[in-house]
Amino acid sequence: MKQENFVENIPGILLLSHGPFCQALLESAQMIGGERVNVVALPLLENASIDEYGEKAMQTFKQMPEGSIVLFDLASGTPFNQMMMKSGGEEFPGLCGMNLPVLLEAMTMREAMKGSELVALLEESAKAAVVNIKSFFEP
């Protein structure tokens, strides 16, 4: 397996999703906020070995600097289930339901907050990011 080269002291962000969603999300975030180090998108592609995917995801996360987090597309999906199984019950900071505002916030705040503290902030950011546009039409 390829060894990632991570910059020390900058917490990583591992993006895991079904299909290329995580790659497209990262590309969009970089279009808005520029290139960022220690951010890895790892899609689960059709016909991939699920076990190998889980191994690669956990190995990538373990290589990341302290305070790194995992963002998943959804809870209880294969990427999430694989990380839970490969963790062997060892807790790691993560959030399910990643979206563009959450990733931008994570990329911006990860040097000020790390791990579970950052995930708590992102959880609140995720709630605020879903907006009913009806109020934009009201005078």
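This is a predicted model: local features need pLDDT of at least 70, side-chain atom pairs count only at pLDDT 80 or more; totals for chains, interfaces and linings use all residues.
Residues are numbered from 1 along each chain as its sequence is written.

Start with the largest nonpolar core, which has 21 residues. Such a core is a set of buried Ala, Val, Leu, Ile, Met, Phe, Trp, Tyr and Cys residues joined through side-chain atoms within 4.5 Å; buried means under 20% relative accessible area with a 1.4 Å probe, protein chains only. Ile13, Leu15, Ile69, Leu71, Leu103 and Leu122 touch the most other members. Among the elements that each supply at least two residues of this core are strand S1 (13–18) and helix H5 (115–129); helices (H or I, at least four residues) and strands (E, at least two) are DSSP runs, numbered from the N terminus. A second, separate core has 16 residues, including Phe6 and Phe80.

Asn132 lies in the loop between H5 and helix H6 (134–137). Is Asn132 buried or exposed? Asn132 is exposed (over 50%), because its relative accessible area is 58%. The side chain of Asn132 reaches the backbone nitrogen of Lys134 at 2.9 Å. Between the C-alpha atoms of Asn132 and Met58, which are 74 residues apart along the chain, the separation is 36 Å.

Note on methods
Side-chain values use heavy atoms; hydrogens and water are left out. A polar contact is a pair of N or O atoms within 3.5 Å; within protein, one must be able to donate a hydrogen and the other to accept it, and residues adjacent in sequence count only if both atoms are side-chain atoms.
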